[in-house]
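I opened my notebook for a quick look through this one. Here is what I looked up, in the order I went.

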Amino acid sequence: MISDYLLKYFPNLTAQQQQQFNRLPELYTFWNNQINVISRKDIDMLGERHVLHSLGIAKVMAFLPGENVLDVGTGGGFPGIPLAILFPETQFHLVDSIGKKIKVVQEVAKALGLKNVKASHQRAEQVDEKFDFVVSRAVTQLKDFYPWVRGKFNKQSKNKLPNGILYLKGGDLAQEIKESGLKVSQYHLKDYFAEEFFETKQVIYIKA
């Protein structure tokens, strides 16, 4: 049960959220057999490497009701789908340039009854809306990623961190951060999660 695993870190999950999280392995196994969105070896580790990893963002930032979040390069729906389950009153727009991946996102969101998820087959640069936060998971280098989303933020911030980017990355990021020329805050997921997988994983925050 994926929810048992998550309750250790998110003890306030409702019965509905637990049920939704518990359905993820079955849904992703089904869709992965038709459209490969997650590596075969990772599907068995879905809870740790995809769901809990995505929720690392929630340890840094709790999204508020009514906020709008853009997930760039969502692939099969990470980090957007787990975050949408955790924050049902926050609106999530998941985009990817590969159409078959967006089909998986749409089908998973529909099966879970997620009313706060919109999924579009488009590149980040084509999105013509404003958001409070942009989330993503290791899509590309920071110096390349930032120009895609610059200018897509609401001016007014309501949350504990000002509007900006929350980016899941792994490894030694010193050179990448330096090359980006951006001012970043680094949050190490090993401070929140005990599993070895998170030893080198981080959430990078960049103010809009």
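**Whole chain**

I started with burial: 52% of the 208 residues in the chain are buried. I keep in mind that this is a predicted model.

Next I looked up the secondary structure and found 8 helices and 7 strands in the chain. The radius of gyration came out at 16 Å, close to the 17 Å that the globule rule gives for 208 residues, so the chain is as compact as a globular protein of that length. I also noted the box that the C-alpha atoms fill, roughly 40 × 35 × 30 Å along the principal axes. Then I checked contacts between residues at least 6 apart in sequence: 71% of them join residues at least 24 apart.

**Strand E4**

I turned to E4, residues 133–137, and asked how many of its 5 residues are buried. I found 4, which leaves the strand mostly covered. E4 pairs in the parallel sense with E1 (residues 68–72) over 4 bridges, and with E5 (residues 164–170), again in the parallel sense, over 5 bridges. From E4 I traced the path over helix H7 (residues 142–149) to E5, and the three make a right-handed β-α-β unit.

**Helix H4**

Last, I picked H4, residues 46–60, and compared its span with expectation. Its 15 residues reach 21 Å from first C-alpha to last, close to the 21 Å expected at 1.5 Å a residue. Even so, I logged a kink of about 35 degrees, centred on Leu52. H4 is mostly covered too, with 13 of its 15 residues buried.

Definitions and conventions:
Residues numbered from 1 in each chain as written. Predicted model: local features only at pLDDT ≥ 70, side-chain atom pairs only at ≥ 80, totals over all residues. Heavy atoms only, no water. Buried < 20%, exposed > 50% of the residue type's maximum accessible area, 1.4 Å probe, protein only. Helix = DSSP H or I, 4+ residues; strand = E, 2+ residues; numbered from the N terminus. Pairing = 2+ DSSP bridges. Right-handed = clockwise from strand over helix to strand, strands pointing away. Expected span 1.5 Å × (residues − 1). Bend = angle between axes of the 7 residues up to and from the residue. Rg over C-alpha atoms; globule rule 2.2 N^0.38 Å. Contact = heavy atoms within 4.5 Å.
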